[in-house]
Amino acid sequence: MITVADFVRQHSLFAGLEPHHVDFIAGCGKLRRFKANEYLGRENEPADYFYLLLEGRAVIETHQNSKPTVPLLTLGEQEVVGWSWLFPPYRWHFDARAISALRTVEMDGRCLRDKCEQDAKLGFDLMRRLAMVMMSRLHAARFQLLDVYAAVPANSRGSLR
Amino acid sequence: MNTPRVLQVHSRREEIPGTFTLQLRAADDQPLPSFVPGQFNMLYSFGAGEVPISFSGSARETDSYTHTVRALGKNTEALQRLLAADDIGVRGPFGRGWPIPELAGKQVLVIAGGLGLAPLRPLIYHLNDNYQQFAGIQLFYGDRHPQQLLYRQELQQWSANMQVNLSVDQAGPDWHGHIGVITSLLNNAVFPLDNTIALVCGPEIMMRFSIQALRAKDLPGEAIYLSMERNMHCAIGHCGHCQWGPTFVCKDGPVFRYADIEKWLYTREL
């Protein structure tokens, strides 16, 4: 039988983590499925959990008055949804919604924070791994801001495309 | 090759607003020189000027040339005004194309950003026609918005023989594909490090970031090729306008192996 610890161990966020830490962390997790269009979290609601995506896709989105929702980023298997559980006031900054049937490990943020307080080495390792995810998302957001595909008038007569 | 030959516009197709595809045919019975995917022609709009444009059609079409152009300046706007049966001056084919002989038996990653899909399309036709010769084909194509994706019908057709991964930077709620930068798709791509070749074409920043994502996964620099853009005038390495480090993009490129030009790619204001 595959346990939560197996799914945690196989997830990219925890690749290479020491086995006893995997078991320790897995104690804060449980398997959870979402149907398409079900919300994993909603803006300004308490962010008690984050999710390791195992199968399916989710979208991070926001809304603006009466206009349609604005999808910002889609995430798939081996990716992570949610880091608001790490920092006060522990509330979601955006909506996170399943866009297909979704299989996840739901991690209890408070439980994990407590464990990191107990084991500073684990806490540092986990923080470093989450910082990598954040760095990657920040890099992507900067890349998006560059708007590299925008049509810019050529300043010379030579352009292959 | 160095004197423009007069061809005729056979057909013109609006791909997306401001971006169009011209199919050119000879006005006489003389055959057209063959080309290698990745090469380019100098297209001369009479009374306006000349501009280098990559081939975007199949190299198997021996009686016509196809070019996809974005109207962004005087010369390309003049090309945009051409209609069927209009004359156009053509010099070429020029440059070094994609390394097709090296691709046999390999996992091929084709990575396109924006209009960069056009210079890759002749290569994609080749891969699609001969898909059994390769260990696998993965196309990654990123653009700004779903409405700006090129060749949408063909993308669907190609997915029969290759894995097609689309990504847009921004989208409305009706888009069900991936939203995010193309590098996020590459971060999750699976390929054997010792049997993969990546071919990249798009805005230079997009190519740098894509190459960084590939290198972070330990794909060797020798297995990455990219198509560069620089200011080209003569197209035969004489005028020096497209000099880039020790190379001329028009003659030594536009396709380069990353391992050979890495230094120049990270040299500022070159």
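**Notebook: a predicted two-chain model**

**Entry 1. B:Y65**

I looked up B:Y65 and found this residue in strand β5 (residues 64-70) of chain B. Helices (H or I, at least four residues) and strands (E, at least two) are DSSP runs, numbered from the N terminus. Before going on, I noted that this is a predicted model, in which local features need pLDDT of at least 70, side-chain atom pairs count only at pLDDT 80 or more, and totals for chains, interfaces and linings use all residues. Residues are numbered from 1 along each chain as its sequence is written, chains are lettered from A and ligands numbered from 1 in the order in which they are written, and side-chain values use heavy atoms, with hydrogens and water left out.

Is B:Y65 buried or exposed? B:Y65 counts as buried because its relative accessibility is 3%. Buried means under 20% relative accessible area, exposed over 50%, and partly exposed in between (1.4 Å probe, protein chains only).

I then listed what B:Y65 touches, leaving out residues up to four places away in sequence. Its contacts include B:L7, B:L22, B:L24, B:F35, B:F55 and B:V90. Contact means heavy atoms within 4.5 Å. The side chain of B:Y65 also reaches the backbone oxygen of B:P33, at 2.6 Å. For a distance check I took B:L155, which is 90 residues from B:Y65 in sequence and 21 Å from B:Y65 in space, C-alpha to C-alpha.

**Entry 2. Strand β7 of chain B**

I went along strand β7 (residues 107-113) of chain B and found seven of its seven residues buried. B:Q107, B:L109, B:I111 and B:G113 point one way from β7(B). B:V108, B:V110 and B:A112 point the other way, and all of these residues are buried.

Which way does β7(B) pair with β8(B)? The two strands run in the parallel sense, over seven bridges. Two strands pair if DSSP finds at least two bridges between them. I looked up one residue of the pairing: B:G113 has B:G142 in β8(B) as its bridge partner.

**Entry 3. A:E106**

I turned to chain A and found A:E106 in strand β8 (residues 102-108). A:E106 counts as buried because its relative accessible area is 3%. Its side chain makes a polar contact with the side chain of A:Y51, at 2.9 Å. A polar contact is a pair of N or O atoms within 3.5 Å; within protein, one must be able to donate a hydrogen and the other to accept it, and residues adjacent in sequence count only if both atoms are side-chain atoms.

A:E106 also forms a salt bridge with A:K30, with the closest N and O atoms 3.6 Å apart. A salt bridge is a side-chain nitrogen of Lys or Arg within 4 Å of a carboxyl oxygen of Asp or Glu. This pair links distant parts of the chain, since A:K30 sits in strand β1 (residues 29-34) of chain A, 76 residues from A:E106. A:K30 counts as partly exposed, at 47% relative accessibility.

**Entry 4. Other salt bridges**

In chain A, the side chains of A:D125 and A:R129 meet in a salt bridge at 2.9 Å, N to O. Both lie in helix α4 (residues 120-146) of chain A, four residues apart, about one turn of the helix. I found A:D125 and A:R129 both buried.

In chain B, the side chains of B:R5 and B:D28 meet in a salt bridge, also listed at 2.9 Å, N to O. B:R5 is in strand β1 (residues 5-16), and B:D28 is in the loop between β2 (19-26) and β3 (40-45), 23 residues apart. B:R5 counts as partly exposed at 22% relative accessibility, and B:D28 is partly exposed at 41%.

I also noted a network of salt bridges that links A:D6, A:R9 and A:D23.

**Entry 5. Where the chains meet**

I counted 47 residues of chain B in contact with 28 residues of chain A. The two chains bury about 3,200 Å² between them, 57% of it on carbon and sulfur atoms. Buried area is the accessible area (1.4 Å probe) that two parts lose on being put together, summed over both. In chain B, B:L72, B:I179 and B:E229 lose the most area to chain A, together 19% of what that side buries.

Across this interface the rule finds one salt bridge. A:D147 forms a salt bridge with B:R144, with the closest N and O atoms 2.6 Å apart.
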